[in-house]
Amino acid sequence: MKKNKLAAIVASGDSFIVRGLVMKLKGVEIDAELCGMDITKLQQQEDAADIFILYLDDTVTADTDLLVYLKTTCMQKEKAVCLIGSKAEYDVAIKYLDKSVVWEWFERPLDMDSFLQKIQRYMTSFSFDSLKKNILIVDDDLDYMHMIREWLKDIYKVSMVNSGLQAITWLAKNKVDLILLDYEMPVTSGPQVLEMLKSEKDTKDIPVMFLTGKSDKGSIVKVLDLKPTGYLLKSIKRDELIQKLGDFFRENK
């Protein structure tokens with residue numbers, strides 16, 4: 001027998017609207033489990049659930065531990081969150097959830113027909129990877145590049161190339177949301193690669209952050225006209241890198 005997909009519903013109470021949502025989902029053969037705001041109950045469902053539906057109100061958005069738990073679980077288990085709520089509630093929740101784990105936001109009052117159609121499509125064709133931002137690392141130091149990829153791979157889709165020319169070739173066939181570019185590389189340096197990217201219509205708007213072992217102002221001044229997005233010292237720690245990239249994507253969503 002074919003098993004129905006499961007939606008774990010997170011809401012502050014067993015209201016008429018939430019009960020109606022459960023019934024409507026079951027009507028389109030999606031099992032719905034009402035978990036309230038109980039992290040222990042959510043933990044019991046985190047492996048079985050295909051999606052978490054977060055019905056927002058003031059109580060839910062104030063429970064930051066719950067929101068952080070959902071974010072962490074979705075990243076670790078490759079799940080996604082659907083939000084239902086007002087724009088103000090969404091703006092609060094997204095600060096803790098992070099947009100990288102949010103599949104869709106539906107504003108109240110909920111258009112039930114549109115919601116059901118979209119979630120049915122999600123259940124049949126969605127891939128968590130489609131939510132992840134794409135990052136390309138360009139660096140001739142393979143060990144360093146692999147280390148950065150290990151740090152980021154659970155949060156982002158990470159690709160790697162070890163030269164500027166490989167980067168140009170790769171970008172001719174692939175889309176990317178951010179490039180982490182080694183400043184000092186043999187043959188074609190980071191600034192030269194950035195100059196080539198800026199000269200092409202299809203790549204001129206891709207954000208580029210330099211990875212550099214230098215913190216001197218002279219190196220930075222040399223490429224100001226090319227308008228790099230930023231600079232990251234290669235000595236950066238894992239948590240700081242993840243924080244800086246998260247800040248960048250939140251500010252540029």
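Student: What makes up the secondary structure of the protein chain, and how are its elements defined?

Tutor: The protein chain has eleven helices and ten strands. Helices (H or I, at least four residues) and strands (E, at least two) are DSSP runs, numbered from the N terminus. This is a predicted model: local features need pLDDT of at least 70, side-chain atom pairs count only at pLDDT 80 or more, and totals for chains, interfaces and linings use all residues. Residues are numbered from 1 along each chain as its sequence is written, and side-chain values use heavy atoms, with hydrogens and water left out.

Student: Why is isoleucine 137 called buried?

Tutor: Buried means under 20% relative accessible area, exposed over 50%, partly exposed in between (1.4 Å probe, protein chains only). Isoleucine 137 has a relative accessible area of 0%, so the residue counts as buried. Isoleucine 137 is found in strand E6 (residues 134-138). By the cut-off for burial, 43% of the 253 residues of the protein chain are buried.

Student: What is isoleucine 137 in contact with, leaving aside its neighbours within four places in sequence?

Tutor: Contact means heavy atoms within 4.5 Å. The partners of isoleucine 137, with those neighbours left aside, include Met145, Ile148, Val158, Leu180 and Leu211. Valine 158 is 21 residues away along the chain, and the C-alpha atoms of isoleucine 137 and valine 158 are separated by 7.3 Å.

Student: Why is the unit made by E4, helix H5 and E5 called right-handed?

Tutor: A crossover is right-handed if, with the strands pointing away from the viewer, the path from the first strand over the helix to the second runs clockwise. E4, helix H5 (residues 87-97) and E5 make a β-α-β unit assigned as right-handed, so its path runs clockwise in that view.

Student: What makes a set of residues a nonpolar core, and which residues of the largest one touch the most other members?

Tutor: A nonpolar core is a set of buried Ala, Val, Leu, Ile, Met, Phe, Trp, Tyr and Cys residues joined through side-chain atoms within 4.5 Å. The largest has 44 residues, and Leu54, Leu97, Ile135, Leu152, Leu180 and Leu245 touch the most other members. Helix H4 (residues 64-77) gives the largest share of this core, six residues. A second, separate core of 23 residues includes Leu21, Ile30, Tyr55 and Trp103.
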